[in-house]
Every structure is written in structure tokens, then in C-alpha cells.
Amino acid sequence: MDTISWLTIAIVGFPLVAVLITGLFGARVLRGASHLPVVLAIAASFIASVGLFQQLRLERATSVDGGRWGYAHVVPLWSWVGVEDSGRDPGLRIDVTLRADPLTSMMQMMVSGISLFVAVFAAGYMKGDRGYWRFFAYIALFVFSMLMLVTVSSFLLLFVFWEAVGVCSYLLIGFWYQRPSAAAAGMKAFLVNRIGDFGFTLAIFLIWLHYGTLDFHDVALEQTAAGAVAVTDPVQVAQLAADAADGSNRVEIVDGVLGRRRIASGTWVGGTAGLAICLLLMWGACGKSAQFPLHVWLPDAMEGPTPVSALIHAATMVTAGVYLIVRCSPLLVANPTAQLIVASVGGFTALLAALIALTQYDLKRVLAYSTVSQLGYMFLGVGAASLAGITAGMFHLLTHAFFKALLFLGAGSVMHAMGNVIDMRKFGGLRRLMPYTHATFLIGALALAGIFPLSGFWSKDAIMGAVHDRIHHLEHVAAGEAHGDDAPAAGEDAGEAAVPLWHAKVYRLVYYAGMITVWLTAFYTFRAVFMTFYGEERVPEEAGHHAHESPPSMVVPLVVLATGAAVVGLLLDRSMVDGTHPFSQWIAGTPSLSLPALAESSQPGQFHMAIAAVSTLIALIGIGLAAHLYLGPRDEVRWLKSFLDLEWFARLSSIDWLLRFRSQGAWGAVERAARRAGLGWFFDGLWMVLFVVLLVLATPLLVLRWLSPYRLSYHKFYFDEIYTWLIVRPMSLVAALSAWLDRTVIDALVDWVGWVPRAIGNMWRGVQSGLISFYALAMVMAVVVFVWVRVCLM
Amino acid sequence: MSEQELLHAYLLVGGLLVAIGMIGFMVRRNLLVMFLSIEIMLQGVSLNLVAWSRFHHDLGGQVLVLMIIAVAACEAGIGLALVLMLARRVRSLDVVAWQDLRESGVPPHVDRQIPEAESPVEAWPRLPQAGVLPEANEEEELYRSRV
């Protein structure tokens, strides 16, 4: 095996070894030092990832055909299932194979790098916890699962680790299982994820049905004397395929779902089946990446320890969905409807989550909804289905990993100092108490808001630019059609001409949703910053007298991540400087992204000055508004809240104003004069009618108030309630009914079956007299009877 | 005697042995006697086998009987050991002593008590008086009354 194979195995192997060490020796031997093997293993994994990246770069530069169809290196490990094709039944081959390609390498570096800092932070944060070793064993398992998820080269194995990631998240969210809320949050995360996973399994079945394989890569099955030997190296597969065409050897070529041969030939399953595969994959991704309508688990997932939130939100869990969509982008590119739906779901979720985040008081909850919102951006970018959009989505994934891990760890640091209080109303003005946390949190917030030149600026604008290009492209194609250009366009254009014009309109809508979200993001992020770190200095009593800056093991990761969040955009996106985009160029070398259709789409590296300026301006307005509202006395906030809560509406429905109006000077004089003139009956009737009308109106008005903008946002648009009443309650009703049926009908039947032999036995119980002679007599009599019957029958 | 008659005679003896053994097993309560009855049944069967073996000129049956004898020896060893253990437990060879193993709720078997004979010790004919009255041997009288 060569260096790349060894490095690939090492990347996933180190965390696995750490899991075993910590799991086996953590409780008795390691105890307080349980973090050491985990941190060391993740660090080793990170170093190996960087090494792999360098190796891949070298090999890609020197490889003969690495340019056109991307570069991927497949590492076969062993055969999991190997059923030979018997002629009657088709064979089944499942090989455990890892892959190393630019996308995987980037994800590996991101996962191991972010996890490393989170693990270091957790070593300080979790100090003294009873389940210290358990926590680090789970963390290592989590990192291992995620690394495997991005490294394996088959949908089936991807699903295995997809589930493993789900299990780890369940274990870690419910880490403090004595707390009912934590246990419930873990369960919720797991169940909602299962709903998504169900879609993913269906997608896998469909892929198996229509493609006949679950491998990403091409496989050449060479028939030798010892049985079929699978060749996976792309160059060798191409060679063998050429030989097979000559008829010089017996080779069966299985085109992988995302293999080079299929990308070159473009034989994707289209039509309804193709669309169904795309949508089901997206459904799975929605579950894991917390997109509407399966976003409800992520905000609750903060019941776990804060490092876990950082890990889930930044590195090891929610990115899996985006990764899956990007990995399957060839399937998506073949289906414009699926692209549109991915983009719409992304844009809608971004807006929805941002609206909810506006009114939350829980610092971590604000960050959680911002994660949902930013993941929406990633879906939006990937849904644009151009090379620029997909790479921008991945780029946003990377930058988001930095600043969201930073923000969560910062929130954890605040929580640590504040005695586990996370309600932003209870503290304020922490910037003097916690200078490092404040500075790093501010950098993270600026990056999240997308302020130049921090990393969020580059990636968010890349996404918005890609969507903008997409709209232009669609409108251009439609306009070309409208101008009577009815000559059949060749190749890819024929496929794209089928995209109807209304797609462009939807994309435009989504684009505006994204732009509004920029403003909202800036506002709620800085609302959180100002409420936490600025204003009058307040410390909740839970913190006691030890409100302090966190220990170095927690501050150092913050500083490192802040540096990353600040510079990673500038380093990897040079579109403004020289029009190149090193990150995107690297990612574009993935086989999945080397499609001809993508190569002809809008390319990354174009800097959209106008979009960048507009979005920065919008973000600055948002920050300015937050500063205006939350720095200094917050009277306007109170007024805005009562206004958005429709308090004026409620006042309209009360009779107070009527009485006040009646007692007013001018009106009172008129009424008195009229009464004197004998018109009192008119006014009595009028007041009576108005009173009744108000009473009748009051009820719907009060109901409407529950749907006031403020309450909708504060109660998360009542999603949890809707799900409870529409899904959970009916399900528990059905479950209760089933339980009743089971207990009273099925169990009763089974009990009856058990009762019959007992009853029969009871009838013969008295025969057991304990006298052997009697038994012997009975036997003899029975023999006599048998013999007699036999004789009679003869 | 013809072969046939010979066979019949042997079968008759065998059958009788089995019947005697069976009846013995059913009517006696002494564990040892029951055990002996079983052995008698076994011998009856063995005799049957030997007779048929002779009749058919097939030595298989006799070989089997040899084997039965060997196995019966072992079985007797185990059986007697069991009997010994049982007897040690209840200090009695009476099999009814083990009727506690019956199903709960079933009334126990109670031996019918034979009423004590009310009649005085029966006088035996005596020699005509010719001198002194011979001294009555009480032990001997009691013993006789039982026989």
C-alpha cells in the first residue's frame, strides 16, 4: 500500500484506537487523564489529514488524468459481503473501501481540526464531571464516526456511519441523563434524525434498484482462478475496461454511482426515479442538517454539554447533510426540480430560523438557530447547482465550522463563568470580566454577520453571488427561448432548456430571503453580543463570587479558532485579489464535481462587488440597529416588543378606551347637551351596541394575539406544538390503543392457550397418588388395553 | 419333543416368570422384594429371548441375553444402592413411606388397621394333669400365635 492509503487509514484509525483505550481503561486507569488519548488521537488524525492533503496535491499535480475527471484514490480494505453470482440469484458484493479525494480531504481536515480544539476546550470545561472518561470516549467515537462518514466510498457504509453519528449525538446530548430535559432532548434528536434516515434508506434502496451498485467508485471485477478480484484504482479500471472492449480479458465493469466512468458518460437515472432519489437524499440530509421541516431537534440539542453543541453545530454532525448533497451533486445536477427544492428549503430555513433567533433569550439557543439558518445558506448554495454554488456551500461549511465552534465555545466559556446560567437577561457587561472571551466572541459574531474581511463575508457572498448567477443564467436561457430560438440546442443546453422560467422566479425569491436573512443574522448576532458583553455589568447570583475568565485550556482554543475565523476567508478566497479561489479550485478536483454540466456553469472566483457591497451594507444596518436598541437604555426594545406583540391590538379589544372616550370633554359636552334635548335613548342604544360589538370582537382578537409576530418568533412559530398535536399525540394515541389491544386481546388469547393444558392437567392431578404399586398397575392395565385393542383389530 | 413344543414350553415358563414378577411388583410393598420381582421379570424376558434364539438358530438373541445379564448386574448394583439410600432416609423398606411425593391435595393412603384380637391367649391342649402345672413359655406362645 502506498502513502495515501496508509494516511487514509491512519486518519480514521487514530480516533478508533482512542475510543478503545478510553472506553476500556477510562473508568479505572485513566480517570482524570481520559482526555489525553482522545486529544492526542485527534491531533494525530489532524496531522495525518494535512499530510494526506499534501500527498493528494502532489499526486494530483503529477497524475496523468487527474485534471479532467478529478482525482480520487480508492483504498479497498476488506470485503464485507461477497456472495457470488450464482446464475439464479444475483450476487451481492459489499466492499469496505475508503476514498481520498479533495472533498473528503477537506472534510477530514475540517472535522479533525475543529474537533481537536473542541476536545482541548472540553478538557477544561468538563473537569470534575463524574462521567469525564465517558464523555471523552463518546467524543472520540463521534469524531471517528464523522471521519468515517466522509471517508467511506459507498452509500451503504455512509449510512452505517450516518447512523453512528446519530447514536453518538444521542449519547452526548443526553450526556447528563439524570436531567429529564437532557434525556428528552437526546431522544428528540435521535427520533427526528431517524425520520430523516428513513428517507435516506429509501434513497439507498432506489439507488440499488436503478444503479445496481452502492459504491461511489467504479469497480472492475476480474475473474481469476481464485474467484473475482475487485480492482478499484481508477487508472487500472480504465485500462481493464479498454482491454475488455478488445475482448482480451474477462472483466465485469460495475460503474459506480459517482464513478468516473458514469461522470464521463453521463448516464444518470432521470425522470421520476431520479427525482425521487434526489428528494429522498435531501430528506435524509434535512434530518441530519436540521433543515425545515426537521430542524426542531437542533435547538434542543443544547441540553448536552457546550463542547458537544460546538461539535454538533460545527464539525461532526450537521455538516454531514451538506456533505451528502455535495457528494451526490451529479444526481442533483441532472434534476433541475430537485435543485430548486434544495435551494428553496435552504432559503426558507435560513429565513425561518433567523426570524426565530431574533427573540430568543437563551444565548446558546440564538446560536443554535443561527446554525440552522447558516445551514440553510449552505443548502441554498448547493441548490444553485453550479460549480460556484456548490463550492461556495462547502466554503461556507468550512468558515461556519470555525466561527460557530468559536461562538459556541465562547458561550460555553460564559456559561462556565456564570455558574451555568445562559439566559442573556440575567447577565450583561461581561467584557471587562472576560476580555478574551469577549474579543474572540466578537470576532466570531462579526464573521457570522458577514463583515469584511472576516471569513463569513467571503463564503456568504460567494453563495449569494452563485444564486444570483443562477437566476441570470435561467433568465438568459428562457429569454433565448422566447426570442424564437427554437433550433434544438445541442448537448447540455437541451437539458437546461427544459427548466421553466418560474424556476428563476423562485430562485429570485430565495435570493431575497437570503438577503433579508443577512440583515436578520447581523441583528440577532449583535443583539446577543450586546446583551452579553455590553451595557451595565451584571452577574447572576448563581455565579457567586468566582465570575472570572476561563482557564487557559479553554481560552487557547478560543484564540486559535478566532484567528481561523478571521483569516481563513482571506487565505482561501483570493477572488478580490487576483480572481482565484484556491479552496474552490481544490474542491472542484473531486470526481463528483468534475461533471461537464458543472464545468460549463458559473465558475468560482468571480467577486461580485455589487452583491458584496449590498450585503455588507445590510449587515452593517443590522448591527447598527442592534447597537441602537441594545446599547444604553432599552426603552425602544420594550416599545418594539409591545408593538410587535400587538398590545395596541389587545387594547383595541378592551372597553377601556370606550369609557375614556365617553368621559372626554368635548364628546361629554355634546352628549350632555343631547340628553338635555331628550335624545338620551339614542346614546344609550349606541353605547350598548358598541359594547356588544366589542365583546364579540374581543374573542377572535385575543386569539389573533397569539399569532402576533413577536409571539410567533418567541414560540418558534409553534413548530414544536404543531408537531406535538399533529404527530406525537396521534401517535401516542395509536400506541395506547395498540397497547390496550395487545394486553386485552392478544395477551388474553395467549394466556388462554396457556391455560388449556393447565386445566387438562388439573383434571388428572388426583391420579398422582405417590404409590408406586398403583403406577405399576396403571401401566399394566394400559398395556393390557393396548394389547386387547390390537388383538381385536387383527 | 419337537422344536415347536420345546419353544412353547420355554415361552410358557418365560411368560410365567414375567407374570409372577409383575404381580409381585404390584402387590408387595417391600422395596427389596419389588426389586427382586423386577429381576424375575427380566429373567423371564431373557428366557424368552434364548428360546426364540434357539428356535430360529440365531445366536444373536443369546448374545443379547449375555449383554442383558451384564447390564442387569450393573443395574442391580445401582438399584440396590438406591434402595439402600431410600431405606436409610426413612428407616423403612416400605414403599408407601414415599407416598409424600404425591400431588398436593390428594388424600394419603392409610393402611387399614387390623383390630387387635380381643380373644385371650388361646389355650393350647395340655397334657393331662399328672403332677405340677408346666410353666408356660410366654415367648413361645406369642410366637406361635403369629405363625
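## Basis of the description

Two residues are taken to be in contact if their C-beta atoms, placed from the backbone, lie within 7 Å. The structure is a predicted model, in which local features need pLDDT of at least 70 and side-chain atom pairs count only at pLDDT 80 or more, while totals for chains, interfaces and linings use all residues. Residues are numbered from 1 along each chain as its sequence is written, and chains are lettered from A, with ligands numbered from 1, in the order in which they are written.

By the contact criterion, and not counting residues up to four places away in sequence, A:Ala565 touches A:Phe402, A:Phe403, A:Leu406, A:Ile443, A:Gly444, A:Ala447, A:Leu454 and A:Ser455. A:Ala565 is also among the residues with the most contacts inside the largest nonpolar core, together with A:Ala140, A:Leu281, A:Ile325 and A:Ala405, and this core has 229 residues. Helix 16 of chain A (residues 387-417) gives the most to this core, with 19 residues. Apart from it lies another core, of 8 residues, including B:Leu17, B:Phe25, B:Ile40 and B:Met41.

A nonpolar core here is a set of buried Ala, Val, Leu, Ile, Met, Phe, Trp, Tyr and Cys residues joined through C-beta atoms within 7 Å. A residue is buried if 20 or more other C-beta atoms, placed from the backbone, lie within 10 Å of its own, exposed if 12 or fewer, and partly exposed in between. Helices are DSSP runs (H or I, at least four residues), numbered from the N terminus.

Helix 17 of chain A (residues 435-449) has 15 residues and reaches 21 Å from its first C-alpha to its last, close to the 21 Å expected at 1.5 Å a residue, where the expected span is 1.5 Å times one less than the number of residues.

Helix 17 is followed by A:Gly450, whose phi is positive, near 80°. In the loop between helix 17 and helix 18 (455-482) lies A:Pro453, which is joined to A:Phe452 by a cis peptide bond with omega of about 0°.

## Other backbone features

A:Phe717, although not a glycine, has a positive phi of about 60°, and A:Phe717 counts as partly exposed because it has 17 C-beta neighbours inside 10 Å. B:Arg91, likewise not a glycine, has a positive phi of about 55°.

Technical notes:
Helices (H or I, at least four residues) and strands (E, at least two) are DSSP runs, numbered from the N terminus.
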